Amino acid sequence: MVKKMTEEKSQQNDIFNIINDRRSIRKFLDKDIPDEVLEKILQAGFRAPFAYQITSIVYTLDKEKMKKLKRMGVYPSTKLFMVFFFDFNRMEKIVQARKYEYNFDDSLLLWIGIQDVSLVAENIILAADALGLGSVLLGGAPLMVDQISEVFDVPTKVFPVVGLCLGYPDPEHRMDIRPRFPLKHTAFEDKYKELSEKDLKECMHSMDDGYITQGYYIKQNAKIPLTKGDDKIDMSQYSWCEHISRKISQGKWSDKSLIQLLREQGFKLD
Ligand SMILES: Cc1cc2nc3c(=O)[nH]c(=O)nc-3n(C[C@H](O)[C@H](O)[C@H](O)COP(=O)(O)O)c2cc1C
């Protein structure tokens, strides 16, 4: 009996089960997250490989703070909300403490920062899943740097990369596993492979058919309106390739460009 339970547990916690069964969660139970669970998840996050240890996280359980960041897409039932930053503030202090002049190409550090932060974030997502929590990333964080900095008291030289809503998943709103492009069109041996027309169709169908079968956009009631012309695509045909294309053809997302926001936050970019 003990052996069977141990086997079941080890199967549940198998890294491949966790990765393959993970899906973004957008509705959470009103159930508190124990401190030790939170700490374990954070510890796992910072076990990720790093180039410069440039990541900082600010997390909150405070609904009022979350409400202030609602425009970023924070889901109302979120129990725990995190923002992942690349943090040059700490790095600059280390360099100064070692009595060196801070003289680095900020654009390169930005890139390294994004690499480091992404790995921490993925570790946190998987660790949270392994402990029964669910999560969804929020990509609007960089464009909301001013609001985030105000709510979380963030100094210059610290910049948000992505947000993460966390909580125990509501089983009544269980999300489906989203499709992906077929591996043969995303992982290439020895040299990059341009997609033929047939390959491209296959890629697009794999996503579109999967999303339509799941009724994803109908369930989410999510359709990006056209800025001009008649919208001839009804919800039964509206799928991922249409959605992402509408998103990408939208032009500017905010009044200020990301470069401008980065400069205002203290980064020197040529
Ligand atoms: C960088 C990043 C930003 C994202 N931003 C959002 C977001 O703002 N809102 C949201 O509902 N989902 C967001 N997502 C979640 C994606 O929609 C989701 O990962 C994708 O549809 C695949 O679904 P899955 O995570 O269930 O496999 C984001 C994902 C990533 C990687």
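1. Domain bounds in this note come from an automatic or database domain assignment. The structure is a predicted model. For its chain, the assignment gives domain 1 (2-174) and domain 2 (183-248). The C-alpha centres of domain 1 and domain 2 are separated by 28 Å.

2. The largest pocket holds about 1600 Å³ of space. Each of the two domains, domain 1 and domain 2, contributes at least three residues to its lining.

3. In total, 48 residues line the largest pocket, and those nearest its centre are Arg-26, Leu-137, Leu-138, Gly-139 and Lys-247. Sorted by class, the lining comprises 24 nonpolar, 11 polar and 13 charged residues.

4. Several secondary-structure elements each supply at least two lining residues of the largest pocket, including helix H6 (106-130), helix H8 (197-214) and helix H10 (240-248). Strand S3 (134-138) and strand S4 (158-167) are also among them.

5. The ligand has around it Arg-22, Arg-23, Ser-24, Arg-26, Tyr-75, Val-136, Leu-137, Leu-138, Gly-139, Arg-178, Arg-180 and Tyr-211. Arg-26, Leu-137, Leu-138 and Gly-139 are also among the residues nearest the centre of the largest pocket.

6. A side-chain N or O atom of Ser-24 is 2.6 Å from an oxygen atom of the ligand, and a polar side-chain atom of Tyr-75 lies 2.5 Å from a ligand oxygen atom. At Gly-139, a backbone N or O atom is 3.0 Å from a nitrogen atom of the ligand. Of the 620 Å² of accessible area that the ligand has on its own, the protein covers 63%.

How values were computed. Residues are numbered from 1 along each chain as its sequence is written. This is a predicted model: local features need pLDDT of at least 70, side-chain atom pairs count only at pLDDT 80 or more; totals for chains, interfaces and linings use all residues. Side-chain values use heavy atoms; hydrogens and water are left out. On a 1 Å grid over the protein atoms alone, a cavity is a set of points where a 1.4 Å probe fits but cannot get out, and a pocket is an open set with protein on both sides within 12 Å along at least five of seven lines; lining residues have an atom within 4 Å of a point. Grid points are joined across faces, edges and corners, and a volume is the space filled by probe spheres set on the points. Helices (H or I, at least four residues) and strands (E, at least two) are DSSP runs, numbered from the N terminus. Ala, Val, Leu, Ile, Met, Phe, Trp, Tyr, Cys and Pro count as nonpolar, Asp, Glu, Lys and Arg as charged, and the others, Gly among them, as polar. A residue is near a molecule or strand if one of its heavy atoms lies within 4 Å of it. A polar contact is a pair of N or O atoms within 3.5 Å; within protein, one must be able to donate a hydrogen and the other to accept it, and residues adjacent in sequence count only if both atoms are side-chain atoms. Accessible areas come from the Shrake-Rupley method with a 1.4 Å probe; for residues, only the protein chains shown count as cover.
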